[in-house]
Every structure is written in C-alpha cells, then in structure tokens.
Amino acid sequence: MNRKELSRQIISTCLEMTKLGLNQGTAGNVSVRYQNGMLITPTGTPYEEMTEDSIVYVNKNGQHEDGKLPSSEWQFHLAVYETRPEMDAVVHNHSRNCAAVSILGEAIPAIHYMIACTGTDHIPCVPYATFGTHQLADYVRDGIKQSKAILLAHHGLITTDKTLDKALHIAHEVEIISEWYLKLLATGKTIPVLSQDEMRFVLEKFKSYGSWVEEK
Ligand SMILES: C[C@H](O)[C@@H](O)[C@@H](O)C(=O)COP(=O)(O)O
Ligand SMILES: [Zn+2]
C-alpha cells in the first residue's frame with residue numbers, strides 16, 4: 001500500500017478510536033510499519049485536525065523527516081516493530097478503563113475467554129516510566145514479547161497486530177475486559193479465573209475463528 005493510503009488509514013483509525021470512546025484530547029498515537037521504519041501520528045495534534053500530510057515518517061534508527069514532529073512515543077512504536085517482526089500496526093490510547101486498571105500495576109488475569117484475542121491468557125502490565133522516554137520503550141520491548149496487548153502502568157494501553165483494524169479491534173476488546181475487571185474488583189469478592197488448560201483450548205480455537213484467525 002502506498003504512503004497516502006496508509007496515512008489515510010492511520011487517521012481513520014484515530015477517528016474511530018475517538019468514536020468508540022477510547023480516547024480524549026490529543027492522548028494516544030497510531031503507527032504502521034512502512035519501508036525501513038514507520039509512519040506515525042504527529043505529536044500533540046487533535047485527530048480531527050490531522051491530514052495525510054501530518055503523518056510523519058520515522059526510520060528504524062529514529063530519524064524523522066524534516067519539518068514534522070512525530071509522536072512523543074515514537075521510541076516505543078519502533079520497539080514494537082523491532083521485537084515483533086510479524087506485526088505491522090501499533091495503537092496506543094488512554095481509554096478510561098484500561099488507564100484505570102493500569103494504575104494497579106498488575107496483569108489482568110483470565111477473567112473471560114476473550115482475553116485470548118491478545119494471543120495469550122492474561123494482559124500484562126509493564127512498569128511505569130515517564131511518557132516519551134527510552135525507559136518506557138524498554139519496558140514495552142519486554143512486555144510486547146508476551147502479548148499483542150499490554151497495559152502501561154499509570155498510563156494506558158498498547159496493542160499491535162498485522163493491520164490497524166485488528167490492533168484497534170483488540171484495543172476495543174481490552175477496554176471492555178478492563179471495565180468488567182474493575183466491576184469485579186469493586187465487589188470485593190475473590191475473582192474466579194479460567195484455568196490455563198481452558199485458555200490454551202480457546203487460544204487454539206481462535207486460530208480458526210472469525211476475525212481472530214492468524215494470517216500467515
Ligand atoms: C503526554 C502525552 O499525551 C503522552 O501521554 C503520550 O503517551 C500520548 O499518548 C500522546 O502523545 P503524542 O501526542 O506525542 O503522540
Ligand atoms: Zn500516552
């Protein structure tokens with residue numbers, strides 16, 4: 001796909017993220033793998049104001065094209081592409097329930113089988129580091145090896161997949177799961193979780209189920 005088309009897809013993913021209630025203000029950023037690096041949203045720009053020309057090319061060494069400033073989180077986007085060569089899209093947001101759960105600094109366990117949409121049986125949470133830092137990118141590099149979705153403590157969520165649609169779809173699912181988890185925690189009761197065997201079974205079934213099919 002050419003740069004123009006990919007840039008359009010990035011902007012429509014951002015707008016869809018807002019429509020789904022997954023973002024507010026200028027929080028969040030979106031990228032796709034492109035040539036020897038990535039195309040990424042500009043920093044601090046409301047999604048409604050973005051045009052194809054606003055999208056920034058950053059190469060794999062972190063150099064960006066002149067006259068444009070990439071997202072402050074360009075380092076963690078590159079870290080995902082380095083760590084997961086099979087993935088081509090990254091979505092980051094501060095959705096309400098994901099950001100709230102991230103403050104606990106703990107993984108979400110297998111409270112519901114839909115967690116399997118992340119490719120594993122829990123949603124890991126990486127430690128806090130200041131936004132836009134190398135340290136945060138290092139935490140992301142570690143976390144994203146385990147799952148297509150990771151919580152960033154005191155911050156939000158990152159998802160990755162082969163396409164923007166899929167990465168956004170996972171972000172939406174994880175937001176709903178986070179909401180369920182917060183409701184369950186509020187009961188004060190012990191929360192039952194699915195067994196590892198059951199989650200392994202669901203993960204297998206997802207390989208041939210609907211939009212969760214793994215493309216080779
Ligand atoms: C302060 C920023 O909002 C930070 O939280 C970053 O992680 C973010 O989500 C948006 O930053 P950019 O506009 O630089 O992409
Ligand atoms: Zn952020």
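This is a predicted model: local features need pLDDT of at least 70, side-chain atom pairs count only at pLDDT 80 or more; totals for chains, interfaces and linings use all residues.
View 1. Start in the loop that links β1 and β2, where you will find Gln 35. For comparison, most residues other than glycine have a negative phi.

**View 2. His 154, another positive phi.** Now move to the loop between β6 and β7, the place of His 154. Here phi is near 55°, again a positive value in a residue that is not glycine. His 154 has 16 other C-beta atoms within 10 Å, and it is therefore partly exposed.

**View 3. The surroundings of ligand 1.** Twelve names make up the list of residues around ligand 1: Thr 26, Ala 27, Gly 28, Asn 29, Thr 41, Thr 43, Gly 44, Ser 71, Ser 72, Glu 73, His 92 and Phe 131. By type, this shell divides into 9 polar residues, 2 nonpolar ones and 1 charged one.

**View 4. The binding site listed by UniProt.** An unreviewed UniProt entry gives Gly 28, Asn 29, Thr 43, Gly 44, Ser 71 and Ser 72 under "binding site". These positions span 45 residues in sequence, yet no two of their C-alpha atoms are more than 10.0 Å apart, so they gather at one spot. Gly 28 sits in the loop between α1 (3-19) and β1 (29-34), and with 25 C-beta neighbours inside 10 Å it counts as buried. Beyond its neighbours within four places in sequence, Gly 28 contacts Met 17, Asn 23, His 92, Asn 93 and His 94. Gly 44 belongs to the loop between β2 (37-40) and β3 (56-59), and its 10 C-beta neighbours inside 10 Å make it exposed.

**View 5. The buried side of helix α4.** Look along α4 for its buried residues Leu 136, Ala 137, Tyr 139, Val 140 and Gly 143. Around the helix axis they cover an arc of only 160°, which means that they lie on the same side of α4. Their packing partners are α2 (74-83), β5 (125-126), β6 and β7 (156-161).

**View 6. Inside the largest nonpolar core.** This core has 55 residues, and Val 140 and Ile 150 are those with the most contacts inside it. Helix α5 (residues 164-187) gives the most to the core, with 8 residues. Not counting residues up to four places away in sequence, Ile 150 touches Pro 124, Cys 125, Val 126, Val 140, Gly 143, Ile 144 and Ile 158.

View 7. The last stop is the loop between α4 (134-143) and β6 (149-152), which holds Gln 146. Gln 146 counts as partly exposed because it has 16 C-beta neighbours inside 10 Å. Apart from neighbours within four places in sequence, it contacts Thr 120 and Pro 124. From Gln 146 to Gly 188 is 42 residues in sequence and 29 Å in space, C-alpha to C-alpha.

Conventions: Residues are numbered from 1 along each chain as its sequence is written. Chains are lettered from A and ligands numbered from 1 in the order in which they are written. A nonpolar core is a set of buried Ala, Val, Leu, Ile, Met, Phe, Trp, Tyr and Cys residues joined through C-beta atoms within 7 Å. A residue is buried if 20 or more other C-beta atoms lie within 10 Å of its own, exposed if 12 or fewer, and partly exposed in between; C-beta atoms are placed from the backbone. Helices (H or I, at least four residues) and strands (E, at least two) are DSSP runs, numbered from the N terminus. Two residues are in contact if their C-beta atoms, placed from the backbone, lie within 7 Å. UniProt positions are given in the numbering used here, feature names are shortened, and annotations may be inferred rather than shown by experiment. A residue is near a molecule or strand if its C-beta atom, placed from the backbone, lies within 6 Å of it. Ala, Val, Leu, Ile, Met, Phe, Trp, Tyr, Cys and Pro count as nonpolar, Asp, Glu, Lys and Arg as charged, and the others, Gly among them, as polar. The arc is that of the directions from the helix axis to the C-beta atoms.
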